[in-house]
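Me: I have just opened this structure and would like to learn how its descriptions are reached. Could you walk me through them?

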Amino acid sequence: MSQPPDHNRQIEYWVTKISDLPTLPSVVHQTIQVVNNPNSSIRQISEMLSQDPSLSLRVLRLANSSYYAIPGGATTIERAVTALGIDNVSQMVFTAAVFSQFDLRAVSPFDVREFWKHSLGVAVASETIAREVGLRDSSMIFLAGLVHDIGKLAHFQIAKEGWLTVCGHAHANAFTILESERILGAVSHDALGYELVRQWQLPLIIQEVVQMHHSAESTGATPVGAHPQAVGVVYLANLLVHSMKFGSGGHGVVRNPSKEIVKRVLGNEKALLHVAKSTRKSLDRLMPLFDTMFGPQPSP
Ligand SMILES: [Fe+2]
Ligand SMILES: [Fe+2]
């Protein structure tokens with residue numbers, strides 16, 4: 001594949017390229033509708049899932065993992081949905097469907113498995129923080145966390161060499177991926193991810209999180225956009241997951257969150273410690289679920 005022009009100004013080039021990437025399975029959109037409709041029933045989501053046997057199988061596998069720990073286990077989708085509730089099942093559908101879209105083989109220095117661990121970690125951390133601060137739409141915030149860095153994967157799929165250069169530069173110089181992208185004049189993953197989730201027609205709250213999960217910092221205490229709390233929650237979740245070294249977003253740099261955003265999202269700075277503890281607990285529970293999906297980390 002020819003190498004693309006490495007500059008944000010040529011975003012049009014990337015927009016045409018992302019149209020070659022896999023589309024999201026329609027079950028993701030159906031699940032979003034179910035989650036966002038207060039009149040949805042467990043039966044509706046069970047019937048919808050039953051139409052996709054491979055997804056049903058994956059959801060059952062997740063349902064029987066120790067993360068969800070259904071007493072007595074679940075052998076049917078109906079049982080899984082009844083035991084877990086619509087929110088949990090929707091998160092399983094999102095996880096199983098989004099992960100199934102991409103080639104997961106690692107190419108040094110980019111470890112796709114570690115990248116997905118970071119993504120799932122941010123999804124779970126975002127949902128944990130959203131619940132702590134009483135934010136509605138926790139399933140949408142989970143999905144937003146899951147895809148917040150999807151632009152990195154898009155770059156990797158479209159122009160492997162260019163992406164590996166960005167990662168290598170970040171590793172060699174202890175830069176974040178965003179810093180490395182800027183220094184090299186490469187397309188930024190937040191802009192590319194935004195174009196991809198727009199193309200996937202994901203809800204506006206998710207588009208905004210993907211587009212602003214880094215630029216939120218520059219706005220500080222002044223909220224911008226229609227969903228500043230959701231953006232702030234995923235921004236904090238991302239930095240917490242980095243600081244806990246849960247997976248890798250392509251670099252090993254840890255940055256402290258902006259005090260203004262901590263105050264705006266959590267109410268006060270001290271709440272960060274409490275939220276960090278809840279997030280750590282969620283991530284510890286998550287590890288077996290991750291192994292269920294990917295198999296345990298191969299021994300060196
Ligand atoms: Fe990012
Ligand atoms: Fe990230």
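Me: Leaving aside its neighbours within four places in sequence, which residues is methionine 244 in contact with?

Reply: Methionine 244 is in contact with Arg280 and Leu283. Two residues are in contact if their C-beta atoms, placed from the backbone, lie within 7 Å. A word on the background: this is a predicted model, in which local features need pLDDT of at least 70 and side-chain atom pairs count only at pLDDT 80 or more, while totals for chains, interfaces and linings use all residues. Residues are numbered from 1 along each chain as its sequence is written, and chains are lettered from A and ligands numbered from 1 in the order in which they are written.

Me: Why does methionine 244 count as partly exposed?

Reply: Methionine 244 has 16 C-beta neighbours inside 10 Å. A residue is buried if 20 or more other C-beta atoms lie within 10 Å of its own, exposed if 12 or fewer, and partly exposed in between, with C-beta atoms placed from the backbone. The count of 16 therefore puts methionine 244 in the partly exposed class. You will find this residue in the loop between α14 (228–243) and α15 (259–266).

Me: What makes leucine 184 partly exposed?

Reply: Leucine 184 has 16 other C-beta atoms within 10 Å, so partly exposed is the term for it. Its place is in helix α10 (residues 177–184). Helices (H or I, at least four residues) and strands (E, at least two) are DSSP runs, numbered from the N terminus.

Me: How many helices and strands does the protein have, and why is it called as compact as a globular protein of that length?

Reply: There are 16 helices and zero strands. The radius of gyration, taken over C-alpha atoms, is 19 Å, close to the 19 Å that the globule rule gives for 300 residues, so the protein is as compact as a globular protein of that length. That rule is 2.2 Å times the number of residues to the power 0.38. Buried residues make up 43% of the 300 residues.

Me: Why are α1 and α11 called oblique to each other?

Reply: The axes of α1 (residues 11–18) and α11 (residues 189–199) come within 10 Å and cross at roughly 40°. Axes are lines fitted to C-alpha atoms, for helices over the stretch in contact, and angles run from 0 to 180 degrees between N-to-C directions. Angles under 35 degrees count as roughly parallel, over 145 as roughly antiparallel, 65 to 115 as roughly perpendicular and the rest as oblique. The pair is therefore oblique.

Me: What makes α3 and α5 roughly perpendicular?

Reply: Helix α3 (residues 42–50) and helix α5 (residues 77–99) pack at an angle of about 110°, with their axes 9 Å apart. That angle falls in the roughly perpendicular range, so the term applies. Among the residues that meet are Ile42 and Ile45 in α3 and Ile77 and Val81 in α5.

Me: How do you know that α11 is largely enclosed by the rest of the structure?

Reply: Eight of the 11 residues of α11 are buried, so the helix is largely enclosed. They include His189, Leu192 and Tyr194. What covers the buried residues of α11 includes α1, α8 (150–158), α10 and α12 (204–212).
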